[in-house]
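Dear colleague,

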Amino acid sequence: MAESGCLLNSFSKEFEDFLGNRAQRKDFKKPGRSVLLKQSTKLRNGDFVVPSVFVKAAFPEQANLESFLSSKEATESLLSLSLPVQHLSTSDDGRLCLKLSQPLTFHKVLSSVEKLKSNYGCLQSSGDKVAIVNLVPNNYRTCDDDVNDGGQSLVQLRGVLIASHVVALLKAGGFVVYNVRPNMQGALGDFWDSLCDGLQASVVDSDSGTREKILQATTESKYRISNIQERRHSSSHDDVDTKDCERCDEGKDTSGDRLTKTGEFVLLDLKKFIKENNLQTGKEGYDPNLKTVTVLEGHQPTRLLEEVIFLQRTLDSVQTKQAPVVVHVASHGRSFHSQQVDMTWRTLNPHEVTTSQTHLVYNSVAARKSASTTEQLTAQDFWRLRHAQMREASVLKYGDAVQGAGWEDTITAMTAAAIKFELLFTSCQNIAKLDLSIKESREGPQDNKGGAFILYNCARLATLFKHYQEDVQAGVYPDLPDISSVDFSLLKEEEEWELLFNYILPYPDLVQGTVVEVNKTRAKILTHQVCSFLIALSRDLSSYYRRVRVLLEPRAHLLPVMFARLHLLKGVQQVMHNGLSLLGIQPLAQM
């Protein structure tokens with residue numbers, strides 16, 4: 001069994017080998033197409049299917065297929081796979097249908113969850129994979145000792161949450177992760193700890209001599225352009241944002257340290273570097289408008305070069321023999337600047353370390369039912385709006401009981417969860433659309449309730465197990481037996497199998513599948529996938545919990561099914577807690 005608890009991928013490979021060894025024709029596979037497809041609905045007809053095109057290719061003659069289906073050896077071999085297959089059959093449209101042994105699968109999957117606990121779905125790091133996550137700010141104060149006041153925008157807040165989630169996903173994938181420049185507590189206010197817990201900048205050595213090495217590399221670079229006239233004839237793509245990034249505030253008196261507005265500008269010829277190193281440009285590569293970039297003004301480093309220095313200092317502090325991957329997380333409006341930093345760093349890297357760099361670009365934030373962005377709304381405003389709505393909803397449901405420190409902590413936790421789900425639920429490549437109306441409407445999707453709904457279901461499960469333990473102590477129920485002695489064949493409800501098969505079982509594969517590509521110029525990380533999974537799980541759990549009674553009367557013939565249900569819901573609870581952990585959300589014990 002995989003260390004993270006992944007079973008689906010292992011099972012798929014095992015079954016393909018199983019089918020290939022028994023197929024009439026061995027060349028039935030097609031490149032880029034999966035032989036085995038997992039079902040999520042109508043599971044009574046089969047948990048997995050093999051499309052008819054593969055069945056016909058593997059068994060051109062019907063007699064061979066019938067012989068395969070009736071083979072006792074094949075039936076026994078299927079029970080020994082990572083997921084035990086109980087029955088094989090063909091459908092009317094020629095597909096091969098696989099039905100798992102539910103009792104054996106319940107036991108195998110839930111035992112894995114119980115064993116791995118908080119590590120279920122996560123790979124343990126061996127130290128051979130290292131990542132540096134660089135959150136590219138939407139402002140120009142990028143030195144580590146600056147106050148990052150641009151973090152107050154909703155776009156920047158979305159970037160911080162995405163970067164935080166990327167860090168968690170990379171760690172879950174077995175990476176050792178270093179974070180760069182996420183410290184914005186002073187700018188975002190008191191609610192920062194509730195929203196961005198755990199995203200702290202990695203400590204780097206400020207006396208490593210990195211600055212001198214980078215400045216020396218700038219002086220010696222063969223891509224250096226020091227003639228002012230050359231700059232005038234270079235790319236006009238150094239837009240206002242880039243120029244602003246390269247200069248300190250004009251009104252600030254920095255005495256002799258102030259960057260001069262006249263004198264020599266030192267540029268790097270990025271276009272030449274790209275051409276000589278045969279780097280890909282275009283949709284899947286670097287922006288073809290990368291031509292030159294200013295790194296020195298009056299012998300002082302520009303802001304862009306300061307970013308490179310800080311990144312190099314972080315790299316110097318990484319204790320690993322393996323070359324790390326650097327993931328630049330940038331808004332759509334700062335993606336060009338992010339690539340400028342990337343290319344500048346490549347040209348000046350003094351250690352000749354093959355450091356892979358990749359770029360994850362996220363889109364803006366807009367109000368639902370409006371094409372305009374939300375630039376006028378700060379992160380603090382958004383927090384206050386959601387906090388007030390959470391308080392109002394709590395008062396409507398629980399009345400005068402909503403008071404005191406305990407309730408304040410609960411409302412704060414629900415607000416943080418709601419905001420995280422709103423800004424992460426949408427794929428980072430798409431615009432995050434928020435409902436910014438003061439009064440909640442019953443029309444349309446209620447994204448701002450997603451996080452609170454999940455926490456509510458977590459609290460439901462916590463209360464269930466609390467009541468069970470209280471009854472155990474009171475002598476009403478016996479202790480929950482070990483999972484090895486539980487009879488899972490008693491779980492007859494269709495929803496019970498769906499909770500295991502659609503959520504607990506695929507959770508590790510889902511987590512490991514979020515980091516799709518970090519070795520190319522454009523990163524592909526599915527930052528919305530965990531949110532979507534948790535919302536779907538909460539909906540199905542809520543439906544099951546309303547319909548099925550878990551704590552039954554303490555009669556001997558009812559206890560076995562109660563024990564099976566409790567073990568199933570323990571698995572659900574663990575998966576929910578693990579998923580929330582990837583989002584930096586603490587589950588609630590009660591509402």
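**Salt bridges**

Lys222 and Glu276 meet through their side chains in a salt bridge, at 3.3 Å from N to O; the term denotes a side-chain nitrogen of Lys or Arg within 4 Å of a carboxyl oxygen of Asp or Glu. This pair links distant parts of the chain, with Lys222 in the loop between α9 and β7 (224–225) and Glu276 in helix α12 (residues 270–276), 54 residues apart. Helices (H or I, at least four residues) and strands (E, at least two) are DSSP runs, numbered from the N terminus. Lys222 counts as exposed at 55% relative accessibility, whereas Glu276, at 40%, counts as partly exposed. Here buried means under 20% relative accessible area, exposed over 50%, and partly exposed in between (1.4 Å probe, protein chains only).

Please note that this is a predicted model, in which local features need pLDDT of at least 70 and side-chain atom pairs count only at pLDDT 80 or more, while totals for chains, interfaces and linings use all residues. Residues are numbered from 1 along each chain as its sequence is written, and side-chain values use heavy atoms, with hydrogens and water left out.

A search of the whole structure finds 17 salt bridges. One of them joins the side chains of Arg22 and Glu73 at 2.6 Å, N to O. Arg22 lies in helix α1 (residues 8–22) and Glu73 in helix α4 (residues 72–78), so this pair ties together parts that are 51 residues apart in sequence. Arg22 is partly exposed, with a relative accessible area of 25%, and Glu73 is partly exposed, with 40%.

Glu495 and Arg547 also meet in a salt bridge between their side chains (2.8 Å, N to O). Because Glu495 belongs to helix α18 (residues 494–504) and Arg547 to helix α20 (residues 529–547), the pair ties together parts that are 52 residues apart in sequence. Salt bridges that share partners join Glu493, Glu495 and Arg547 into one network. Arg547 counts as partly exposed, at 49% relative accessibility.

Phe54 is found in helix α2 (residues 52–58) and is buried, with a relative accessible area of 0%. Leaving aside neighbours within four places in sequence, Phe54 is in contact (heavy atoms within 4.5 Å) with Phe28, Lys29, Lys30, Arg33, Ser34 and Val35. The C-alpha atoms of Phe54 and Leu96, 42 residues apart along the chain, are separated by 9.0 Å.

Arg211, in helix α9 (residues 210–220), is partly exposed, with a relative accessible area of 33%. With neighbours within four places in sequence left aside, Arg211 is in contact with Pro301, Glu306 and Ile309. Between the C-alpha atoms of Arg211 and Val308, which are 97 residues apart along the chain, the separation is 9.3 Å.

**Cavities**

The structure holds four cavities of 30 Å³ or more. On a 1 Å grid over the protein atoms alone, a cavity is a set of points where a 1.4 Å probe fits but cannot get out, and lining residues have an atom within 4 Å of a point. Grid points are joined across faces, edges and corners, and a volume is the space filled by probe spheres set on the points.

The second largest cavity contains about 40 Å³ of space. Ten residues line this cavity, of which Leu161, Ser164, His165, Lys420 and Leu583 lie nearest its centre. Helices α6 (154–172) and α16 (405–424) each supply at least two residues of the lining, and α6 gives the most, with three residues.

Yours sincerely

Note on methods:
On a 1 Å grid over the protein atoms alone, a cavity is a set of points where a 1.4 Å probe fits but cannot get out, and a pocket is an open set with protein on both sides within 12 Å along at least five of seven lines; lining residues have an atom within 4 Å of a point.
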